[in-house]
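Work through the exercises below with the sequence and the model side by side. Try each task before reading its solution.

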Amino acid sequence: MGKAEGCPHNHQLRKAKRESEMNKSLARMFELGIRAQFDTELAPPIVIIGRSGIGKTASTNAIGSALKRPVFGFEMAGKRPEDITGYAYADLEKGVMKFLPNEMVRSILNSKNSIVFFDEICDLDRMMQRAMHGVLCGKQFGDYTAPKGTAICGAGNPPEISATGGSLAITLVSRVCQLDAELDAMNWADGNENGFPSAQVGELPDNWTSLIPQKRAIVSEFIRKFPEHLDEDAQEAHLPAPCPRQWVHVAVYNAVCEAAKEMSCRLPLIRGCVGEGAALKYIAWEKEMDIPDWRDVLAGNYTIPPRGDQIQTLAKSVCAAVVAEDNAKLYQGAWGFLSDLAKAGYEDFAALAAPTLARRMPKGWSGNLPAEAATFAKILKEAGIIK
């Protein structure tokens with residue numbers, strides 16, 4: 001048995017099996033990157049970078065089929081800027097120039113929760129990348145904006161093997177998440193012999209976006225501690241690197257991975273936004289902080305952490321989540337939470353979060369702060385929030 005396990009053939013099988021498992025994970029990451037865009041405008045477009053023939057286009061179509069969403073595919077080779085931004089025409093009645101979308105773009109504009117896929121996105125010349133800028137920044141096709149819930153994704157080859165040797169310009173890299181993909185020998189061989197299976201999508205709770213405000217507050221605390229990571233240059237122009245916009249994307253991916261219970265997907269997605277070094281440092285820091293879900297905190301299912309920086313991050317992130325909910329009952333609960341922190345001897349840390357609640361009362365609130373806020377009257381007066 002020992003000799004059989006050690007033979008080169010079995011070693012290759014084990015290696016291929018590991019690669020297969022990684023590729024299934026990649027498909028799940030791509031799916032989450034697409035689905036996040038259905039629910040929040042904060043989610044970035046997602047692009048797979050990998051060799052030809054690894055199933056980038058097929059995966060997109062399979063995900064669209066599994067999610068029952070229409071997929072509109074642009075084969076970018078041979079496309080002109082007008083195919084994206086529209087064709088200029090004169091509106092003689094109004095005396096202005098306008099842009100008329102082509103049939104594909106018109107179909108996208110008339111669809112809801114569609115997936116728009118741009119293939120060979122790395123081989124675009126300068127004019128085409130300018131045309132794509134609006135699409136990747138704000139789902140803007142010339143004068144028209146795609147409906148909310150439209151997901152933008154793409155695929156391309158790495159520069160060393162791309163047809164033109166090109167890559168995404170740095171202005172576009174800072175607006176997308178790039179996932180690196182490898183050819184999976186076992187999956188390809190099985191699919192070539194038995195047929196390629198359709199995508200199997202996972203669960204994603206409807207209310208997952210309620211986690212984003214807390215995750216944004218946690219990211220803010222990371223940047224306060226490590227300001228050097230807010231904006232950094234990439235090792236190479238086409239690679240992801242930290243910038244303010246991408247840190248917002250990090251918060252979105254933190255939320256969607258936690259909600260989907262797919263924490264193994266988190267590092268590649270965050271790396272695709274801010275690069276390897278910043279992603280590893282952030283994830284290690286967040287793991288050390290161990291901040292609980294704000295909903296558990298308001299339900300009383302938490303333990304006050306031992307360190308001051310943890311308590312501060314907990315207080316601020318819970319309050320950020322509550323004010324985003326705009327709910328009077330949750331608002332009252334958040335003041336109770338801060339009051340409990342103060343009673344436990346952590347008034348200084350709770351006071352740092354109190355102004356967030358005091359400044360942003362929910363709709364229907366009476367206008368008077370609750371009794372629990374009296375603990376923080378001094379700091380609220382100094383901030384000019386109360387008299």
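The exercises go from the whole protein to single pairs of side chains.

This is a predicted model, in which local features need pLDDT of at least 70, side-chain atom pairs count only at pLDDT 80 or more, and totals for chains, interfaces and linings use all residues. Residues are numbered from 1 along each chain as its sequence is written, and side-chain values use heavy atoms, with hydrogens and water left out.

**Exercise 1.** Find what share of the residues of the protein counts as buried.

Solution. Begin with the cut-offs: buried means under 20% relative accessible area, exposed over 50%, and partly exposed in between, with a 1.4 Å probe and protein chains only. By this rule, 46% of the 387 residues are buried.

**Exercise 2.** Describe the salt bridge between Glu31 and Arg28 and the setting of both residues.

Solution. A salt bridge needs a side-chain nitrogen of Lys or Arg within 4 Å of a carboxyl oxygen of Asp or Glu, and for Glu31 and Arg28 the N to O distance is 2.7 Å. Finally, check the cover: Glu31 is buried at 2% relative accessible area, and Arg28 is buried at 8%.
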